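Please look over the chain that follows, and then let us walk through a few of its places together.

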Amino acid sequence: MPTPTDNLRINGDRLWDSLMEMARIGPGVRGGNNRQTLTDSDREGRLLFQRWCEDAGMTVAVDSMGTMFARREGADPTLDPVMMGSHLDTQPTGGKYDGVLGVLGALEVVRSMNDLGIKTRRPIEVVNWTNEEGTRFAPAMLASGVFAGVFTEEWAKARKDVEGKTVGEELKRIGFEGPEPVGQRKLHAMLELHIEQGPILEDEGIDIGVVTHGQGLKWLQITLTGKEAHTGSTPMPKRVNAGLGAARIVQLVDEVAWSHAPLAVGAVGHMEVFPNSRNIIQGKVVFTVDIRHPDKAVIADMDQRIRAGAARIAEDLKLGIEIEQVGAFDPVAFDETLLARIRTAADRLGYSHRDIVSGAGHDACWVSRVAPTAMIFCPCVDGLSHNEDEEISKEWAAAGADVLFHAALETAEIVE
């Protein structure tokens, strides 16, 4: 079976131009993007993507969760396709590349196949998943979760934004509630190109990240209850300070994460204090704990130690405490055959590479439940993402898409 040769490259200039043109839709306030899912800007971005796909000779189908599948037919249309893609929706103050590189890099692979007259035995499909970010409608990776059977479609479509609008209503409003039943589409494998969203590749001067695992995570919500009292007139021994308890648990979370270095991470993200007045000792604090690691047993250990330590802190300070698990998913190990193809592609093309673990969730994590899946990372400046200052170079984008090109062709099988 023919395999790609080292002279096969995508058109890096065309890919970059496409990224910049998409970035004009839903602009942010300082150079990034605000193209949140199922908004008018999302609709405009979807229509541009659809036009580009159709111009490249692909047929576009949409499922009932609004996910778009653009198909380039293979020599044997009865075979399951090789899927590539990611998402076009962004954070409210997002960058131009998170998710978008994976969709438009996949489109560029098809365009380059057309330029070079390459035919594959299996069909190729480029996918744009709905609501990966989970900003407007929680949780993240919503449509890919329905596709993989993690969530029911009824539950997903009932998710509401802060204005009370539902996913189902907004899909209809923008005209992207498609006729295809979710999950009906079969696939042979999926490859997702993405920016790293972390500093490792840039710091080490590495071109390509071969994503071996997606970290598992657990989210806890902790409520500490003390006693509101005057900050000036309440003696220190008489205080029941929920804020002090929260501070000690924040330190505990950090210590527990460091104990499983270098792969573990943990932090307190969201925190609300009550009554939040400058001269009142905090009577209640509600905050979230986010812990992550690629080993499920380590997550369990971190969870147990944080719960036990938080309970001791609360007891020492005479605080009431409630701990609720509000989110979790298990670690993901990506497909070894696909990972080997990504490494081989990088070697063939002369790009440096290293294995890496994804600290963020991606659509590929859910899709891995129903098909072999793998991810490719390219560096991003200072590891910055979910920020309008997110930046990559044209060369990094092209290298990632080149590796995607080769891995996809080997998986879909070139025919003479």
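In which loop does Pro262 lie? Pro262 lies in the loop between α8 (242-258) and β10 (265-274), where helices (H or I, at least four residues) and strands (E, at least two) are DSSP runs numbered from the N terminus. This is a predicted model, in which local features need pLDDT of at least 70 and side-chain atom pairs count only at pLDDT 80 or more, while totals for chains, interfaces and linings use all residues. Residues are numbered from 1 along each chain as its sequence is written, and side-chain values use heavy atoms, with hydrogens and water left out.

The peptide bond from Ala261 to Pro262 is cis, with omega near 5°, and the bond from Ala138 to Pro139 is cis as well, with omega near 5°. Pro139 is placed in the loop between β5 (124-128) and α4 (142-147). Most peptide bonds are trans, and most residues other than glycine have a negative phi.

Turning to phi, Asp382, although not a glycine, has a positive value of about 60°, and it belongs to the loop between β16 (373-378) and α12 (394-412). His386 is found in the loop between β16 and α12, with a positive phi of about 55°. Asp382 is exposed, with a relative accessible area of 62%, whereas His386, at 40%, counts as partly exposed; buried means under 20% relative accessible area, exposed over 50%, and partly exposed in between (1.4 Å probe, protein chains only).

Glu170, by contrast, sits in helix α6 (residues 167-174) and is buried, with a relative accessible area of 5%.
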